[in-house]
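Reader: I'm new to this one. Can you walk me through it?
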Amino acid sequence: MSLNDWLLALHLLSGFALTAAIVLFWVAIVAIRRTDRPEQVVAAARLLPVGSVVVIVGSLGVVIFGIWLAIALDGVEVWNGWVIAAIILWAVGTETGRRSDPEFAPCVNRAKELVAAGQTEPDARLAELARTQKGLLLHTIATVAILLILVDMIWKPGA
Amino acid sequence: MLASIRPDSWTLPLFLHVLGAMVLVGGLLVTTTSALVARGDGRLLRIGYMTLVTVCLPAFVVMRLAAQWIASKEQLDGSDAPTWVGIGFMTADAGFVLLLIALILGGIGVRRLRNGRTGLVRASLFISVVMLAAYIVTIWAMGAKPA
């Protein structure tokens with residue numbers, strides 16, 4: 001196996017890690033939005049630390065190995081349109097994804113406080129915090145950006 | 001470069017195959033995380049099992065059907081298929097058996113969660129840990145394409 005084979009494999013694994021983390025965040029968001037019970041929110045929130053680690057590894061790996069691959073491969077250049085498009089979409093996806101995280105923090109923090117206080121009944125304020133439209137919008141934009149990167153990688157427009 | 005040697009008719013099945021596989025691995029990350037961090041928390045185990053049903057199963061179907069579609073277009077579904085294709089089919093088909101076992105075990109186990117019995121759902125989710133490990137090897141093989 002050549003270095004380029006390894007780079008492609010690591011680029012692909014990083015891409016899978018990034019999208020896997022996005023799926024994990026979607027599951028947590030849906031679970032949190034569907035309930036107004038503190039314990040349910042705390043349970044779903046236990047997924048988030050793993051997602052945060054995987055999304056960092058995936059988003060850094062995909063761009064590092066991707067650019068390295070673009071430099072190493074004959075016939076592909078970093079300034080090719082589809083490569084630049086992927087880098088821009090990656091920046092949009094990672095930044096909107098990063099900004100969506102704090103939008104859900106107040107909900108998780110309130111749920112933890114309520115559980116610590118022994119309150120397990122539904123809480124109207126918790127439900128309101130869980131249904132943050134800004135957090136949902138930012139995560140949706142991040143997801144669409146990553147989906148467009150996949151489209152770009154496979155169709156390679158202009159290549 | 002790759003696009004220039006890949007016919008346009010191959011791109012849609014390839015896109016669906018990769019998208020299905022990515023969502024499947026994402027679902028398995030959720031189920032694996034649930035299995036490892038739940039420590040008997042029935043709420044998180046239920047989220048893990050529901051992810052197996054609503055995310056992993058549909059994603060698996062898309063991934064596997066699209067794999068067959070692209071393999072037939074590239075004429076890679078014969079006995080002389082390269083090793084990396086063989087690894088892909090082997091882990092996908094074995095993974096389907098494991099997925100079915102996990103779904104059945106978990107389906108029974110979710111009913112027992114009301115009584116505080118978490119064993120079957122945990123067993124179901126731990127099967128998904130094995131699947132995730134196998135698919136990580138498969139992704140490496142799909143990318144590195146060992147001889």
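Reader: Let's start with charges. Which residues are linked in a network of salt bridges?
Author: Keep in mind that this is a predicted model. The network links A:Glu39, A:Arg46, B:Asp41 and B:Arg43.

Reader: Which residue forms a salt bridge with B:Asp41?
Author: A:Arg46 does. The closest N and O atoms are 3.3 Å apart.

Reader: And what does B:Arg43 meet in a salt bridge?
Author: The side chain of A:Glu39, at 2.6 Å from N to O. This pair crosses between chains. B:Arg43 sits in helix α3 (residues 42-73) of chain B, and A:Glu39 in helix α2 of chain A.

Reader: OK, the interface itself. How many residues of chain A are in contact with chain B?
Author: 33 residues of chain A, and they contact 36 residues of chain B. The buried area between the two chains is about 3,100 Å². Carbon and sulfur atoms give 79% of that.

Reader: How many residue pairs are in polar contact between the chains?
Author: The count is 4, with both residues at pLDDT 80 or more. On the side of chain A that touches chain B, α1 (3-33), α2 (38-45), α3 (48-72) and α6 (133-155) each supply at least two residues. The largest share, 15 residues, comes from α1(A). By class, that side has 25 nonpolar, 3 polar and 5 charged residues.

Reader: New topic. Which residues touch the most other members of the largest nonpolar core?
Author: A:Leu47 and B:Leu24, in a core of 62 residues. Helix α2 (residues 11-37) of chain B gives the largest share of this core, 11 residues.

Reader: What does B:Leu24 touch?
Author: Leaving out residues up to four places away in sequence, B:Leu24 touches B:Cys56, B:Ala59, B:Phe60, B:Met63 and B:Tyr135. Another core, of 8 residues, lies apart from the largest one. Its members include B:Leu76 and B:Phe89.

Reader: And B:Thr33, buried or exposed?
Author: Buried, with a relative accessible area of 4%. B:Thr33 is in helix α2 of chain B. Among the residues B:Thr33 touches are A:Leu24, A:Arg46, A:Leu47 and A:Val50.

Reader: Where is A:His11 found?
Author: In helix α1 of chain A. A:His11 counts as buried, at 15% relative accessibility. Its side chain reaches the backbone nitrogen of A:Gly66 at 3.4 Å.

Reader: Back to charges. What forms a salt bridge with A:Glu95?
Author: A:Arg98, with the closest N and O atoms 2.7 Å apart. A:Arg98 is exposed, at 52%.

Reader: And which residue pairs with A:Lys134 in a salt bridge?
Author: A:Glu103, at 3.7 Å between the closest N and O atoms. A:Lys134 lies in helix α6 and A:Glu103 in helix α4 of chain A, so the pair ties together parts that are 31 residues apart in sequence.

Notes:
Residues numbered from 1 in each chain as written. Chains lettered and ligands numbered in written order. Predicted model: local features only at pLDDT ≥ 70, side-chain atom pairs only at ≥ 80, totals over all residues. Heavy atoms only, no water. Core = buried A, V, L, I, M, F, W, Y, C linked by side-chain atoms within 4.5 Å. Buried < 20%, exposed > 50% of the residue type's maximum accessible area, 1.4 Å probe, protein only. Helix = DSSP H or I, 4+ residues; strand = E, 2+ residues; numbered from the N terminus. Contact = heavy atoms within 4.5 Å. Buried area = accessible area lost by both parts, 1.4 Å probe. Salt bridge = Lys/Arg side-chain N within 4 Å of Asp/Glu carboxyl O. Polar contact = N/O pair within 3.5 Å; in protein donor to acceptor, adjacent residues only side chain to side chain. Nonpolar A, V, L, I, M, F, W, Y, C, P; charged D, E, K, R; others polar.
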